[in-house]
Amino acid sequence: MEDYWSEYWSQGYITSFGQDIKANYSGKLKESWNKFSSLLDENASILDVGTGNGALIDLINTSRRHNFKFFAVDQANLKKEIIKNLPGTFLSNVNAEKLPFNDENFNAVISQFAIEYSDLKSSITECFRVLKKGGRYQFICHEENSDIVQPNMDILASAQRVKSDFITELKQLIINIKEGDEKINNQKAIIYKLITKENSINPHAFNATLFISFYNFVLKNRNIDLDTAFSLFNKELEGLIFRLSDLEKAANNSNELPSCLEKHNVSVKIEKLIDKDNQYIGTLYEGIKI
Ligand SMILES: C[S@@+](CC[C@H](N)C(=O)[O-])C[C@H]1O[C@@H](n2cnc3c(N)ncnc32)[C@H](O)[C@@H]1O
């Protein structure tokens, strides 16, 4: 689980939103990065911290005519087949808390939905160490009450209830099925009660845990290797809980960002990013090193 992001990027995703945003970011996010790149000198060197498979580099690269020099780091292993098609130098397994660059090296340091996953005290100090005087920074971060984070917290709560209340009952159902036990119907009734209760809390969040799909799958495929299927489902559920707990921590961590920025000799402008559907997608922090 430790290497969740390496595993994620190895699947070839471009953005951190999996199947939900398959091509690169658009709308307000794209607009914000286009605006940022329009302020840079055409020969600027740019460092992207927590780059993933390089979505921001790709966005900025296509934003205008330029001669930018791109550098990008991430603590995870990045997918070679994807980053080899992007301009610049990509470094996997590099932590934001210890950047392998000289002082005052870059004209711009950027990050999107990434810096808040790090230890901000160290990573922000590092970002401003490697940024030249007069250089620009822009960070877009998750926030606790954003329309991206909030629904995911409902899914996390539901997934945790599935783990604590449903899993043993499901395991018992599989035992009953394998043994051809008459208690199957009793067990189905217990699970049905749990499902009804969970659906009354938040059906959308419950649906995202994939419990119902897996439960129906078990009932329809009684003759397959249900133990293996069960352990795959369990692994997926643990992965979901890990990923969303990490998101929760990152979003909480963003609260510390304004005070971290204030400790440095930089200007700070903070903007809530609201898209055209009135969705609060995160907060943008930008400024110049003085
Ligand atoms: C939500 S993804 C964002 C990726 C990309 N910036 C984007 O907008 O698509 C968060 C990324 O931050 C990276 N990350 C988390 N903690 C980090 C740290 N301490 N140092 C460097 N990268 C980190 C993860 O490996 C992951 O690739």
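1. What share of the contacts in the protein with a separation of 6 or more comes from residues 24 or more positions apart? The share is 73%, where a contact means that the C-beta atoms of two residues, placed from the backbone, lie within 7 Å.

2. This is a predicted model, in which local features need pLDDT of at least 70, side-chain atom pairs count only at pLDDT 80 or more, and totals for chains, interfaces and linings use all residues. Residues are numbered from 1 along each chain as its sequence is written.

3. The protein has eleven helices and seven strands; helices are DSSP runs of H or I with at least four residues, strands runs of E with at least two, numbered from the N terminus. Its C-alpha trace spans about 75 × 35 × 35 Å along the principal axes.

4. Two domains are assigned, domain 1 (4–141) and domain 2 (149–247), with bounds from an automatic or database domain assignment. Their centres, taken over C-alpha atoms, are 37 Å apart.

5. Of the 290 residues, 36% count as buried, that is, with 20 or more other C-beta atoms within 10 Å of their own C-beta, placed from the backbone (exposed: 12 or fewer; partly exposed: in between).

6. The ligand is surrounded by 19 residues, the closest being Trp5, Ser16, Gly50, Gly52 and Ser118; the criterion is a C-beta atom, placed from the backbone, within 6 Å of the ligand. This shell holds eight nonpolar, nine polar and two charged residues.

7. Asp119 sits in the loop between β4 (106–112) and α5 (120–130). Asp119 counts as partly exposed because it has 14 C-beta neighbours inside 10 Å. Its C-alpha atom is 8.2 Å from that of Ala96, 23 residues apart along the chain.

Terms used
Ala, Val, Leu, Ile, Met, Phe, Trp, Tyr, Cys and Pro count as nonpolar, Asp, Glu, Lys and Arg as charged, and the others, Gly among them, as polar.
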